[in-house]
Amino acid sequence: MDHLFSPLKIKNIEFKNRIVVSPMCEYSSTDGFANNWHLVHLGSRAVGGAALIITEATAVSPEGRISPADLGIWKDEHIDKLKEITTFIEEQGAVAGVQLAHAGRKASHAEPWNGGKQIPTTAENGWQSVAPSPVAFTDAEEAPLEMDKAAIEKVKSDFKAATIRAIAAGFKVVELHGAHGYLINEFLSPMSNHRTDEYGGSFENRIRFLVEIVETVNEVWPKDYPLFVRISASEWTEGGWSIDDSVKLAKVLKDKGVDLIDCSSGGNVAGARIEVKPGYQVPFAQEVKKQTGMLTGAVGLITEPSQANEIVQNGQADMVLLAREFLRDPNFPLRAAHALEHDVKWPEQYERAKW
Ligand SMILES: Cc1cc2nc3c(=O)[nH]c(=O)nc-3n(C[C@H](O)[C@H](O)[C@H](O)COP(=O)(O)O)c2cc1C
């Protein structure tokens with residue numbers, strides 16, 4: 001029976017256990033560049049024993065950033081520092097992944113600690129956001145510009161160029177950010193996509209943008225490297241995107257060569273009532289796995305070693321992604337190994353502290 005410390009091989013990439021650092025925006029970049037904060041933030045979690053460390057939402061274009069301080073991968077100059085980070089992660093026996101993202105109508109916002117509000121298009125550090133339809137996220141916000149065909153093609157080629165840079169930067173996993181109400185999610189959901197062309201209306205039309213991005217990325221992403229997609233498996237809204245839609249989507253993505261569905265939820269409908277409790281999104285990962293036979297990732301209020309272990313042991317998901325618990329404890333995997341009585345290799349430098 002698999003458990004939290006069972007290795008996992010996806011395509012040609014080996015993961016030493018099932019614990020993943022979930023993407024977390026650091027809002028600490030200037031002009032999209034990674035810096036020493038990212039090196040230490042991501043690197044210390046590799047030291048702490050995670051199998052896979054996924055960067056924060058990494059913008060494929062400047063206008064695809066949530067805030068002016070987002071990490072980016074839209075120009076070749078971004079590659080060098082990212083390469084330093086992936087090299088360090090690999091030296092710790094971990095795998096480096098990048099979450100490629102476009103914020104859509106949620107672009108041009110202040111960092112959370114600066115209030116998190118939309119920065120108006122006319123402000124010096126603001127820009128015009130884009131989306132499938134000119135529907136604002138909340139009444140308090142400016143509406144995005146509806147994307148025409150040329151804009152759709154531009155984003156697809158931005159994802160492709162970003163993937164080529166991700167390879168050069170040494171990433172071995174790409175995760176496409178299709179969750180939390182950002183651009184891809186906005187196309188998927190009937191709540192935010194009111195288009196009448198081939199990218200809107202029916203389920204097949206609403207998933208077209210994501211499917212075409214997957215096809216475009218796969219033209220350049222090595223066949224032996226894993227491709228993940230993060231989705232909001234439910235938007236917790238009557239008439240909105242549902243877990244049944246997620247299962248249908250996963251079946252299509254499986255045929256397109258996607259390896260793992262990372263099942264988050266929410267973020268596209270302001271004020272949706274989400275039943276937040278420990279492991280609240282695990283049933284989504286379980287359902288997608290059961291209905292499609294795909295690998296899935298579970299995320300959301302997973303904080304305890306035994307809880308994380310049971311998710312894998314019970315076959316509810318293949319990987320567990322932790323975000324906030326990793327901020328409290330970068331060494332969560334080392335602690336979990338001790339709690340679950342698995343003898344894992346510690347960094348030599350830290351062996352004197354081994355439990
Ligand atoms: C500081 C912070 C930044 C986040 N940034 C991202 C992000 O860039 N991309 C993403 O998909 N999710 C992001 N999330 C969501 C997490 O990846 C995760 O799905 C969520 O926090 C639930 O997991 P947790 O209960 O373990 O924190 C962020 C969460 C936090 C706390």
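**Strand pairing, burial and the ligand shell**

Mentor: Let us begin with Arg230, which stands opposite Asp262 in S10. The chain runs from S9 through helix H6 (residues 243-255) to S10, in a right-handed β-α-β crossover. Please bear in mind that the model is predicted.

Trainee: What makes S9 and strand S10 (residues 260-264) a pair?

Mentor: Pairing requires at least two bridges found by DSSP. S9 and S10 have five bridges, in the parallel sense, so they count as paired.

Trainee: How do you know that strand S8 (residues 173-178) and S9 pair?

Mentor: The same criterion of at least two bridges applies. S8 and S9 are joined in the parallel sense over five bridges, and Glu175 stands opposite Phe228 in S9.

Trainee: Why is strand S9 (residues 227-232) called mostly covered?

Mentor: A residue is buried if 20 or more other C-beta atoms lie within 10 Å of its own. Six of the six residues of S9 are buried, so the strand is called mostly covered.

Trainee: What makes up the shell around the ligand, by class?

Mentor: The shell has 10 nonpolar, six polar and four charged residues. In total 20 residues surround the ligand, the closest being Ser22, Pro23, Ala57, Ala323 and Arg324. Strand S4 (52-59) and helix H9 (324-328) each supply at least two residues of this shell.

Key
Residues numbered from 1 in each chain as written. Predicted model: local features only at pLDDT ≥ 70, side-chain atom pairs only at ≥ 80, totals over all residues. Near = placed C-beta within 6 Å. Helix = DSSP H or I, 4+ residues; strand = E, 2+ residues; numbered from the N terminus. Nonpolar A, V, L, I, M, F, W, Y, C, P; charged D, E, K, R; others polar. Buried ≥ 20, exposed ≤ 12 C-beta atoms within 10 Å, placed from the backbone. Right-handed = clockwise from strand over helix to strand, strands pointing away.
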